[in-house]
Each structure stands twice: as structure tokens, then as C-alpha cells.
Amino acid sequence: MQRSEIFAAVRTAIRETSSDLAEADITENSSFQTLGFDSLKLVELGVRVESLFGEGVVLDDWVEQESQKGAQGFTMNSFLDFIERVAKK
Amino acid sequence: MSKYKAQVLSSYIYGTDVGPHHSMGKRNRWFHGFVASLIEQGSGLQEVEVGFRQLGRTPAEVSAAYAECKARGVELAICAGTDSAIRWSRACPDIPTLYFGAHPENNGLELTRQSNVAGVRLHLPLVWSFENFSLLKALMPKLRAVYVPVNLLSEFAFPNVRAAYAQHRRESTDFWIPGTSSWVGHRSVQFLCDRMGCRYFEGPYESVDQLVGELGKIDGPQDCAFIGFNDTVLMEDAANRLLAWSGKANAALFWVNNWPIIASGGVADFSSHFEQVGRILGKQAMALLRGKKSPQEIGFAADPGQKLSLNLRRCAELSLHVSPEVRERFDAVQE
């Protein structure tokens, strides 16, 4: 799956998780913090992403990785990198 | 806008600095299963707003939590674990409550008769199945005794169990109560040990120092299995000290329903399959909230399964040979 296809699927999952983002401009440079994603919304997004890309894409692993990055963490770019990497396995 | 308000209440909600068990609820993925179930039913956390709260220990704290839930219009409480469920059910006679938890001797089942309580009654995979229990011997062929610490200050030390321990203390100064005693609390574990050909000891403790001190008096702990239940994580620092002691003493630590502790230095964890438990809770929650069913109509679902996990690195440190047949019995193996 191409990165652009992954991004399109993720964008849909984000909007299903948070309907107030229906009209929001979600780009690869967006951060989940600015999109208003707290830890609970990330769980729901994780469930949706697992069902899209397979059980191997465990969002907990990405959340753990991003938590170490401080203010630089939880970006869309990093999220897409993670899915690309894990979904290939 | 959320349509329904749900509140998770548990004794097992922590900050990140308490020890490996802080991530227990996250790692066992019960909430993940719960949310997956909501989504399957066309719902999600936008419709069901979920809050998490560590339930206080005193009756006043629990009553305050109940009053706050009433004031906020909480329509569903979810009690993760027996300890919180026992205290919550005393204070809350009306908010529909889903409970998932267990006790080795089925103590505490009175709460299942309370009209506002339903949920999932869990097994304890290590001690409710000889097939699982015998894995201790398969991993430790020289196993001669099993030790179980019991936290006297948690709800798991039920009144009948406390009374039995008090009788033991009147007769003996020995800290470790042998399984053959009339005053042992987890009688069923004695039978399992008897069948497996080893001895059983139970250690009711009131402080971490007392527990660690008495563990230090055991001769040859290398040929014994030490089993933690989650009552021990309810005493501050007890799980960490037990883990540290087992590391220093080259002792084999096992746990029931808490893989993060075992991943940090124990041998094996025997858990319920919490993700599947969460899925059942999700269905029950929607039946209560959307379906307007009563908790009594929902009742209690059976434990949906188990997840056994093995820490191979710790096995190697303790020179425990893990045969392919034994390894295969575990659902998850940490290299």
C-alpha cells in the first residue's frame, strides 16, 4: 500500500473517531495534539487502524515510542512512518 | 456531544512512577477490547464518554466518588477488579455497574446479588486449572514448595479469611501458614500443590517490610515458586520489593493477571484474556445504555479465555529449561 493510500485511510479513521474534524485540514505535518487527540481518542484510533491494517499494527507501540519524544512527538508523519514500517512486516 | 457517561473505577489506576504494574490495564488491553466492541456496534467514545478514576480506599472517599458520579449523571460504572467492586458496591446501590474480577475461593460473590451489578466473572487461570498449575513443575522439576503472599490490608483478605488467619496467629508464631493447616485461606491451592507433589505456604502480611523479611528467612528459595496475585500490587511498593527480592534470591516469581511485573523479571504470568473480556463488557454496556436493559437482565458472562505469557530471559537466568512442549503452552513468549 502506498503512503498516500495509508494517509487517506488514516484520515478517514481520524474523522470517524472525532467527527468535529470532518472539515479540518489534516496534513502529513499535523500533530495529534493540535487535532485534539488525547490518550482515549488514540485508543479508539488504534482500534480502527488495527482493523484497517491488521493486528500487527499495535498503536500502543507507537504511543510508547512517541511518549519518549516530548513536544516533538505524536506527529502524523511519524504515525504514517510507523504504519508503513509495521504493515510491511 | 456524548450521549452517555461512563466511569471506570479501579484500584489499579496509577501514575507512571509506581513500578512496572502501572501499565497493567493498558497492556492487558481490556479497554482496547471494550472500544472495539463499541465500534462494532456502531458506537464509539464520542457516544460513550468514558472517564477513569482511582477509587479511594476509605468509605468516605468511595461515598464521595459515588456522589460525584450521581451529580455528573454517570449512567454506567465499570469496576476493574474485585477490590474496587467490593467497595463501590457498598456505596452505590443504583448506578448500573459492570464488574470484572475474581478470587481464588470465589469470595465476594455476594455482590453479584446486588441488583445494579452485572459483568464478567473471571477465572484465575493459574489456580483454577491443574493443567496450567502443573506448568510450574514442568518449568521447575525440582519444585518443592509454592509460596503465596496475601495482603491483609486489601479487600481480597475477606472477613472469613482474616478470621482464619487470626486463629492461626493464636496457635503459631510461624509467618508462613502451611497448606495443611485448618486456617489456610486458599485451600484449593493446597490441593493443587498436593497433587503436584509439593508443599504449599500462605503468608498474610501487613507491611512490605514484614513480607520481605519473612521471604528472606526461607531456606533454598531457588527450588520454590512464589506466586503474586494483584492484592499485592495494592500495597505500595510490595510488588517492586517482591520483584527485587526474587531477583537477588534467584527465586522464580509467577503472577496471576499482571504481565508487566513478570516482563520486568518474573518467570510467567497467567492472565485472563482481558481484550476478550473488554469486548463482552462493550456489549453489556451498550445493552445497558442503548438497550435500556437492567443489570439483572444482563447478568454475569463467563470468563472468555486465558492468555499465558512466559519470560524466557528470566528462565535462562534461573537455568530453567523450557521444552518446546512447555513453550507451546504459552500464548506470548518474551525472548
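Predicted model: local features only at pLDDT ≥ 70, side-chain atom pairs only at ≥ 80, totals over all residues.
Which elements of chain B do the buried residues of α8(B) pack against?

Start with the division of chain B. The domain assignment gives domain 1 (4-123 + 273-306) and domain 2 (130-270 + 308-334). Taken over C-alpha atoms, the centres of the two domains of chain B are separated by 27 Å. Where they meet, 20 residues of domain 1 of chain B are in contact with 22 residues of domain 2 of chain B. On the domain 1 side of this meeting, the elements giving two or more residues are α1 (24-28) and α4 (82-91) of chain B. Of these, α4(B) gives the most, with 4 residues.

Now look for the sheet that begins with β2(B). This is an open sheet of 6 strands, in the order β2-β1-β3-β4-β5-β12 (chain B), and its pairing is parallel. At its edges stand β2 (48-54) and β12 (300-302) of chain B; each has a single partner strand, so one side of each is left without a neighbour in the sheet. From one strand to the next, the twist averages 15 degrees. If you want to trace one pairing in detail, take β1 (residues 4-10) of chain B, which pairs with β2(B) in the parallel sense over 7 bridges. In that pairing, S10(B) stands opposite Q54(B) of β2(B).

The loop between β1 and α1 of chain B holds G19(B). Is G19(B) buried or exposed? With 21 other C-beta atoms within 10 Å, G19(B) is buried. Setting aside neighbours within four places in sequence, G19(B) is in contact with A239(B) and N240(B).

A second open sheet has 8 strands, ordered β7-β8-β6-β9-β10-β11-β13-β14 (chain B), and here the pairing is mixed. Its edge strands are β7 (177-178) and β14 (332-334) of chain B, each of which pairs on one side only. Both senses of pairing turn up around β8(B). With β7(B), β8(B) pairs in the antiparallel sense over 2 bridges, and P178(B) stands opposite F201(B) in β8(B). With β6(B), β8(B) runs parallel, joined by 7 bridges, and A145(B) stands opposite R199(B). Strand β8(B) is mostly covered, as 6 of its 7 residues are buried. Moving on along the sheet, β6(B) pairs with β9 (residues 224-228) of chain B in the parallel sense over 3 bridges, where V146(B) has A225(B) as its bridge partner.

Apart from neighbours within four places in sequence, D231(B) is in contact with V150(B), N151(B), S154(B) and F156(B). By contrast, take D231(B) and K248(B): they are 17 residues apart in sequence, and their C-alpha atoms are 23 Å apart in space.

Helix α8 (residues 187-196) of chain B has V189(B), Q190(B), L192(B) and C193(B) as its buried residues. They span an arc of only 160 degrees around the axis, which puts them on the same side of α8(B). In general, an α-helix has 3.6 residues a turn, so residues three or four places apart point the same way. The buried residues of α8(B) pack against α5 (130-133), β6 (145-151) and β8 (199-205) of chain B. Just after the helix, G197(B) takes a positive phi of about 85 degrees.

V146(B) ties several of these pieces together. Not counting residues up to four places away in sequence, V146(B) touches L136(B), C193(B), C198(B), Y200(B), C224(B), A225(B) and I227(B). V146(B) is also, with A77(B) and F254(B), among the residues with the most contacts inside the largest nonpolar core, which has 115 residues. Helix α12 (residues 274-289) of chain B supplies the largest share of this core, 8 residues. The core draws at least three residues from each of domain 1 and domain 2 of chain B.

Methods: Residues numbered from 1 in each chain as written. Chains lettered and ligands numbered in written order. Core = buried A, V, L, I, M, F, W, Y, C linked by C-beta atoms within 7 Å. Buried ≥ 20, exposed ≤ 12 C-beta atoms within 10 Å, placed from the backbone. Domains from an automatic or database assignment. Contact = placed C-beta atoms within 7 Å. Pairing = 2+ DSSP bridges. Axes fitted to C-alpha atoms, helices over the stretch in contact; angles between N-to-C directions. Arc of directions from axis to C-beta.
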